[in-house]
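Dear colleague,

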Amino acid sequence: MKKALIIGLIVILAAALLVGFFLWRNAAGRIGSDRALEIALNDAGLARNDVHDVEIDLERERGRTWYEITFDQGLQEYEYAVDAKTGEIMYGGRDH
C-alpha cells in the first residue's frame, strides 16, 4: 500500500511538472494581453478608461499566435488583432 502511494505521488508530480513546463514554454516570448490592449488603444487614440466591454482572446493558427481584442467606446465598436510575439497590429480599427 505504501509503495503504491509513493508511485502515485511520483506520477502526479511528474504530470504537474510536465504541464507546468508546457505552459511556461508556450507563454515564453509573448507580449502579454495587457501590452496587446495598450497597443490597440494607442492605435485607436483611446485610453483604457475611455472604453468598455473589453474582450481579449489568444488565437493560434498556422504557427502564428495573436491577441484578438474587441472593445467599445460609446456606440462605436473596435476590433484588433495584435501579434503575440512582435506586437505588430495585424488588422484593426473601428467596425463600420
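Let us start with Arg64, which counts as partly exposed because its relative accessibility is 33%; here buried means under 20% relative accessible area, exposed means over 50%, and partly exposed lies in between (1.4 Å probe, protein chains only). Before going further, please note that this is a predicted model, in which local features need pLDDT of at least 70 and side-chain atom pairs count only at pLDDT 80 or more, while totals for chains, interfaces and linings use all residues. Residues are numbered from 1 along each chain as its sequence is written, and side-chain values use heavy atoms, with hydrogens and water left out.

Salt bridges

How many salt bridges does the structure hold? There are 3 salt bridges in the structure, where the term stands for a side-chain nitrogen of Lys or Arg within 4 Å of a carboxyl oxygen of Asp or Glu.

Asp83 counts as buried because its relative accessibility is 6%.

The side chain of Arg64 also meets that of Glu88 in a salt bridge, at 3.6 Å from N to O. Glu88 lies in the loop between β3 and β4 (89-94) and Arg64 in strand β2, so this pair ties together parts that are 24 residues apart in sequence. At 44% relative accessibility, Glu88 counts as partly exposed.

Glu38 is partly exposed at 39% relative accessibility, and Arg35 is partly exposed at 38%.

Strands

Strand β1 (residues 52-61) runs antiparallel to β2, and 8 bridges join them; two strands pair if DSSP finds at least two bridges between them. β1 and β2 form a hairpin with 2 residues between them, and Arg62 in the turn has a positive phi of about 50°. Arg60 stands opposite Thr65 in β2.

The nonpolar core

The largest nonpolar core has 14 residues, and those with the most contacts inside it are Leu41, Leu46, Ile69, Phe71, Tyr80 and Val82. Such a core is a set of buried Ala, Val, Leu, Ile, Met, Phe, Trp, Tyr and Cys residues joined through side-chain atoms within 4.5 Å. The elements that give two or more residues to this core are α2 (33-44), β2 (64-73) and β3 (76-83), and α2 gives the most, with 5 residues. Leaving aside neighbours within four places in sequence, Leu41 is in contact (heavy atoms within 4.5 Å) with Leu46, Ala47, Arg48, Val51 and Phe71.

With best wishes

Technical notes: Helices (H or I, at least four residues) and strands (E, at least two) are DSSP runs, numbered from the N terminus.
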